[in-house]
Amino acid sequence: MAAARTDGHTRLDGVGKVFARAGRADVVLRDCSLELLPGRLNVLIGPSGCGKSTLAKLIAGYLPPSVGQVSVDGVAVTGPSAERLMVFQETALFPWMTLLDNVAFGPRQAGVSPGEAKERARKFLARVGLQGFDRRYPEQLSGGMQRRAEVARALINRPRLLLLDEPFRGLDHLSRGLMQAYFLDLFEEDRPTTLFVTSEVDEAVLLADRVIVLTHKPTTQRTVVEVPLPRPRTAGMLELEQAVRIKRQLLDLLHEESGKAFAAPAPRSAA
Ligand SMILES: Nc1ncnc2c1ncn2[C@@H]1O[C@H](COP(=O)(O)OP(=O)(O)OP(=O)(O)O)[C@@H](O)[C@H]1O
């Protein structure tokens, strides 16, 4: 296992996010302060609709905060950057490029020669079990394979920060398990600073070094739950007493926060 990366330290300080919807202010985040620790797999979990994707997009620089500041390694985030890469549920592979060209795209943009970029891309495709699929186009692959290619396409660039917004949502149980295993393998090799958004408690415990639990909307950090299970991780570890205990703790927190969401009146004021 390589040494963990030391960059990508991310902070949200007093962040608020308000959307205007049908003439009303929808306060999604309010006074939200939290940190993503470098070289660690930071998982973000919270009640349905609380603003997990919004938070990931603020860090990626796709959305500006209404108030407060987002910074990475002490530098304020003011827009998207190749140093902060985001993987979504929906495929973002270029449909007109082969898998190899899709994965080689980042290094090519960074000025790496075509031969070297393709060589590196082949290695990354092999690491996600897609050797032999170099010449296929995205539409010729299953959804799970497309997402594996996408994770390879992000990681090949060695971003300062890797953001994944429920990348395995909607996959069947077996495909999801396979994706998690490939992803763990990639993460444990390079230990990039990672934010992984999920709504699945099992997935959170299996992957995370630390789980950031969000409150109901208007959202802020409720608490951070450490997951001190050893690495490399395997799905079997979810049966360990320690894992079961953490899972129960997370479920209790989520039930509590989801319950509050039902009890709370619709927010009207700005953050
Ligand atoms: N671009 C936008 N314009 C207006 N409202 C938005 C926008 N993006 C998100 N919202 C609102 O912000 C709230 C939080 O949405 P978001 O998708 O961030 O939550 P989530 O926790 O990721 O949801 P889920 O659990 O369903 O994945 C929702 O009420 C949503 O309608």
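The axes of α2 and helix α3 (residues 114–127) come within 8 Å of each other and cross at roughly 120 degrees, which makes α2 oblique to α3. The model is a predicted one, in which local features need pLDDT of at least 70 and side-chain atom pairs count only at pLDDT 80 or more, while totals for chains, interfaces and linings use all residues. Residues are numbered from 1 along each chain as its sequence is written.

Helices (H or I, at least four residues) and strands (E, at least two) are DSSP runs numbered from the N terminus. Axes are lines fitted to C-alpha atoms, for helices over the stretch in contact, and angles run from 0 to 180 degrees between N-to-C directions; angles under 35 degrees count as roughly parallel, over 145 as roughly antiparallel, 65 to 115 as roughly perpendicular and the rest as oblique.

Helix α2 (residues 99–109) also packs against helix α4 (residues 143–155) at about 25 degrees, with the axes 7 Å apart, and that makes α2 roughly parallel to α4.

| Pair | Angle | Axis distance |
|---|---|---|
| α2 and α3 | roughly 120 degrees | within 8 Å |
| α2 and α4 | about 25 degrees | 7 Å |

In the contact of α2 with α4, residues Leu99, Asn102, Val103, Phe105 and Gly106 of α2 meet Ala149, Ala152 and Arg153 of α4, where contact means C-beta atoms, placed from the backbone, within 7 Å. By class, this contact has five nonpolar, two polar and one charged residues; Ala, Val, Leu, Ile, Met, Phe, Trp, Tyr, Cys and Pro count as nonpolar, Asp, Glu, Lys and Arg as charged, and the others, Gly among them, as polar.

Seven of the nine residues of α1 are buried, so α1 is largely enclosed by the rest of the structure; a residue is buried if 20 or more other C-beta atoms, placed from the backbone, lie within 10 Å of its own, exposed if 12 or fewer, and partly exposed in between. Just after α1, Gly61 takes a positive phi of about 90 degrees.

Technical notes
Two residues are in contact if their C-beta atoms, placed from the backbone, lie within 7 Å.
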